[in-house]
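Have the model open while you read.

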Amino acid sequence: MAITDEPLRSPEERVTLVCSHVIYCLQETRRYKVISVDNNHNSHPKSLQRVAQLARDALPQDASEKDKDSAEIEAVTCDLTKKDEIRGVFEKYGKGGIWGVIHIAAYKAVGESTEVPLTYYENNVSATVYLLQVMSEYDCPRLVYSSSATVYGTPPTIPIPESTRLQADSPYGKTKVMSETIIQDLCAAEPQRWRALSLRYFNPAGAHPSGLIGEDPRGRPGNLLPLLAHMAVGRVKDDKLSVFGNDYPTPDGTCVRDYLHVMDLAKGHLLALDALSPSSNVFDNCPTEARFKAYNLGKGKGMSVLQIVEAMRKATGFDYKYVIIGRRRGDVPDLTADPTLAEKELGFKATHDLETMCRDLWNWQTKNPDGYDTPETSKVNSA
C-alpha cells in the first residue's frame with residue numbers, strides 16, 4: 001500500500017482490515033494522495049471503493065481540487081515478490097516522485113507459517129528486500145514498516161517493552177525479525193539518507209464505525225475475533241469454537257493478547273509517517289547514526305481467549321460453545337504491550353475499549369454478512 005504527493009506513496013495491501021483503515025486516516029487529513037499496490041491475495045478491491053467514498057463524503061463544500069484528488073485512490077495490481085512489477089509502479093512517477101512507503105504486505109498466520117515456512121520467507125522477507133531495492137533506486141528513502149508483537153517470542157517481561165530481545169517462535173515471527181534487521185542494516189549503511197520506523201502491532205480488532213469497511217478474509221478467518229463474527233452471522237457453520245490450550249500460565253489458562261481498535265492502530269501509522277518528516281525529532285536520541293526505531297502499537301491491557309469470547313457473546317447475543325484442544329505450535333502465553341514509548345515519542349494512544357471493538361466489528365458484520373460480496377439488497381441493519 002502506498003501514498004504520494006506531499007508525503008507519499010507505497011506498495012501493497014493483503015491485510016484488508018489494517019490497510020483500508022490506514023488509507024482512511026491518511027485521506028481524512030487531505031494531505032496525502034494514496035496509491036494502494038496489492039496483488040489481491042487476501043483483500044477486496046471494493047474496500048478501496050468504500051474508503052474513497054468515505055473520503056468524498058467528508059469533503060467540505062469549498063473543497064479545493066487538491067482536496068478532491070486526495071479522496072481518490074490509485075489502485076495498482078502488483079506482487080511485491082516480482083521486482084519488475086514494483087519498478088513499474090515507481091517508474092510512473094520517476095526518481096523522487098514517491099515520498100515514502102507504508103509497507104503492510106505480508107502473510108500473517110502463525111499456524112500456517114509453521115506448515116509452509118518457505119512460502120512465508122519468500123513473501124515476507126524477499127518481497128521486503130525487493131521493495132527496498134526499488135525504493136533506493138527511485139530515491140524514496142522513507143519507510144513505515146508493519147511488524148508484529150510476534151518478534152518477541154515468549155517474552156521474559158509482561159507488559160513488553162521495545163527493548164525486549166527479539167526471539168520469535170514461529171516462521172511468521174522470524175520473517176518480521178529478519179525484515180526489521182534488514183531495514184535497520186540499511187539505515188545504518190546510509191544514515192544520512194534512510195529513515196524508517198517499525199510498528200510492532202499487537203492485535204487489531206473492530207472496524208470503522210460506519211460499517212462500510214471491515215475485515216473480510218478470503219476463506220475461513222485465521223484470527224479469533226473475525227472467526228467469532230463469522231460464526232455469529234452464520235458464515236462459519238462450526239457448532240463449537242476450538243480453543244488451543246487452557247494450560248498456559250495465564251488467569252484462565254488460555255492465551256492472552258493485547259487487542260486495540262483498528263482505528264487507533266491506523267492513526268498510529270499517520271503519526272509514524274509524520275515522524276519521518278525532516279522536522280521530526282524522534283530520531284534525535286537514537287543510540288547510533290542509524291535513523292531506525294521500533295514502536296509497540298497496543299493498548300497495554302491483555303485479554304484472554306475466553307474473555308474475548310464472552311465480550312463477543314455480549315455484543316452479538318450469540319451463544320458460543322467451545323471445546324479445548326491441544327496447544328497450537330508457535331503460540332505464546334501472553335503478548336501484552338508496553339506502549340509507553342509510542343505514547344511519549346509519537347503521541348500514540350489506543351483509546352477505544354474492548355466493548356467498542358466488538359460493537360464495531362458486529363456492526364460491520366451484520367451490515368455485510370457476506371463481507372464485501374454482500375449484495376446491496378441483502379444487507380441487514382446492525383444489531
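## Overall build

The protein chain holds twelve helices and 13 strands (DSSP runs numbered from the N terminus: H or I of at least four residues for helices, E of at least two for strands). Its radius of gyration, 20 Å, is close to the 21 Å from the globule rule for 383 residues, so the chain is as compact as a globular protein of that length (C-alpha atoms only; the rule is 2.2 Å times the number of residues to the power 0.38).

This is a predicted model, where local features need pLDDT of at least 70 and side-chain atom pairs count only at pLDDT 80 or more, while totals for chains, interfaces and linings use all residues. Numbering runs from 1 along each chain as its sequence is written, and side-chain values use heavy atoms, with hydrogens and water left out.

| Property of the protein chain | Value |
|---|---|
| Buried residues | 56% of the 383 residues |

Buried here means under 20% relative accessible area (1.4 Å probe, protein chains only).

## Strand β6

Now zoom in on β6, residues 195–201: seven of its seven residues are buried. R195, L197, L199 and Y201 sit on one side, with A196, S198 and R200 on the other, and both faces are covered. In a regular strand, side chains alternate between the two faces of the sheet.

What does β6 pair with? Its partner is β5 (residues 142–148), in the parallel sense over seven bridges; pairing takes at least two DSSP bridges between the strands. Opposite Y201 in β6 stands S148.

Terms used
Buried < 20%, exposed > 50% of the residue type's maximum accessible area, 1.4 Å probe, protein only.
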